[in-house]
Amino acid sequence: MKYSLVYLASVSLLFHQVITFQIKLFNNYNLLKNFHLSSTKSKNDDFDAIIADNADEGDASYLFVSDVAKFGINTALAEEHVAMGNYARAEELALKARQIAKHTGEENNIYAAYAEGIQADALYKIGYYKEAADHYSHALKIYERHSRSSHGPEAVELVGATQLVAWSLLAQKNYKEAVGACSAALVMTETLLGPYAPDVAASLVNLATAYTHTGSIGNEVESLYQRALNIYESALTKPLDKKVKEEYENSLWAIDSAMGNLYYLRGDDEHAERCYWKVVNAFLADKYTTSDAAAPLKNLGLLLWKKGDRANAELMFSRAVYTYQKSSDYKKDKNYSKLVELLDKLRTGESVSSIVLKRNIGY
């Protein structure tokens, strides 16, 4: 009997999450529990070796055999490898799943699109942003064709794919196109998830970021950030899983940093300093541990130096240097070199007037 990937959806393929979103639909182990698992532990994840092409369905020594099983296993493993940071292996497995879908003539099925989304996610993590964007866009077109309602996994996947196209364009620094993609993602996310969903806040931040990088620093951009802040603040008043709570708190501080950059670009040092202090205080309390804290630390240092507070300016620069040094390849980052230069000039007694205060985003 020939089983289609639609059959897989009905019996085994339950979604784990929307690629990089925290919208958890089902647990990934359900993908495998409807199959007869091998009684012998495999020493690797090459499941072709433990799927018998002519296995007896009653033989518990093998996984139940079909292209559907192979597709499902490769897709599940690809997703788990992304979660573990094994992006090259994840890309390979997701591609294998898509090849199986193509072999069965179902490459335009939403589950094939899901596998392509995982492949794109892996490519994105490796740094192949253009290739990732191409795959995200292709998966998005498939989701759009299959999305017939504002509910269910197809709708959620549609939101995820739309967001990921926007993120890829931002990562490529293709900000003009990103504005359109981020706008579309915002509309789609609001329509399917409602105006107060945390994923809407992420869409608002992406759109504001794209606008800022194209030179728009007016009140309309500030209002996007403010609305995102309100959504996260509201979400944090509700009972949340510890990990989700930390994620939302980090998102709040990231928005404060972005708003600080916005005010900094406008030359509004007073409001910029206020925003940067929020981020820095969280960083100093070991709450905001991301390397993204280096930029607000450095910018706050410049503002303090400008005010004549050299001691705190040095503290900010030193903390920013420390933040960079947590990364194994920090010496290759040109922003790290610029930061060390600034710190040296401050320590040798140079005045801030000798420093060109470039009003740009982050650095």
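## Model and confidence

The structure is a predicted model. The mean pLDDT of the protein is 75, with 72% of the residues at 70 or more. Over residues 1-65 the pLDDT stays under 50. The model still has 121 contacts beyond four places in sequence for residues 1-65. Where pLDDT is low, the predicted coordinates should not be read in detail.

## Overall composition

The secondary structure consists of 15 helices and zero strands. Of the 363 residues in the protein, 47% are buried. When contacts between residues at least 6 apart in sequence are taken, 60% of them join residues at least 24 apart.

Helix 5 covers residues 110-126 and has 17 residues. From its first C-alpha to its last, helix 5 reaches 24 Å, close to the 24 Å expected at 1.5 Å a residue. Helix 5 is mostly covered, with 14 of its 17 residues buried.

Two packed helices are described by the angle between their axes and the distance between the axes. For helix 4 (residues 87-103) and helix 5, the axes come within 8 Å and cross at roughly 155°. An angle over 145 degrees counts as roughly antiparallel, and helix 4 and helix 5 are therefore roughly antiparallel to each other. Their crossing is left-handed. On the helix 4 side, the contact is made by Tyr87, Ala88, Ala90, Glu91, Ala94, Leu95, Ala97, Arg98 and Ala101. Helix 5 contributes Ala112, Ala115, Glu116, Ile118, Gln119, Ala122, Leu123, Lys125 and Ile126.

## Helices 9 and 10

Helix 9 (residues 198-213) packs with helix 10 (residues 219-235) at an angle of about 155°, and their axes are 8 Å apart. Helix 9 and helix 10 are therefore roughly antiparallel to each other. Helix 9 passes helix 10 in a left-handed crossing.

The residues of helix 9 that meet helix 10 include Pro198, Val200, Leu204, Leu207, Tyr211 and Thr212.

## Helix 12 and its surroundings

Helix 12 spans residues 269-284 and has 16 residues. Its reach from first C-alpha to last is 21 Å, close to the 22 Å expected at 1.5 Å a residue. Just after helix 12, Asp286 takes a positive phi of about 60°.

The buried residues of helix 12 are Asp269, Ala272, Glu273, Cys275, Tyr276, Val279, Val280, Ala282 and Phe283. They pack against helix 11, helix 13 (294-307) and helix 14 (310-325). An α-helix has 3.6 residues a turn, so residues three or four places apart point the same way.

## Gly260 in helix 11

Gly260 is found in helix 11 (residues 242-266). Gly260 is buried, with a relative accessible area of 0%. Apart from neighbours within four places in sequence, Gly260 is in contact with Ala272, Cys275 and Tyr276. Ala272, Cys275 and Tyr276 are among the buried residues of helix 12.

Lys278 lies 18 residues from Gly260 along the chain, and the C-alpha atoms of Gly260 and Lys278 are separated by 9.7 Å.

Notes: Residues are numbered from 1 along each chain as its sequence is written. This is a predicted model: local features need pLDDT of at least 70, side-chain atom pairs count only at pLDDT 80 or more; totals for chains, interfaces and linings use all residues. Side-chain values use heavy atoms; hydrogens and water are left out. pLDDT is the predictor's confidence in each residue, from 0 to 100. Contact means heavy atoms within 4.5 Å. Helices (H or I, at least four residues) and strands (E, at least two) are DSSP runs, numbered from the N terminus. The expected span of a helix is 1.5 Å times one less than its number of residues. Buried means under 20% relative accessible area, exposed over 50%, partly exposed in between (1.4 Å probe, protein chains only). Axes are lines fitted to C-alpha atoms, for helices over the stretch in contact, and angles run from 0 to 180 degrees between N-to-C directions. Angles under 35 degrees count as roughly parallel, over 145 as roughly antiparallel, 65 to 115 as roughly perpendicular and the rest as oblique. A crossing is left-handed if the near helix is turned anticlockwise from the far one by less than a right angle, and right-handed if clockwise.
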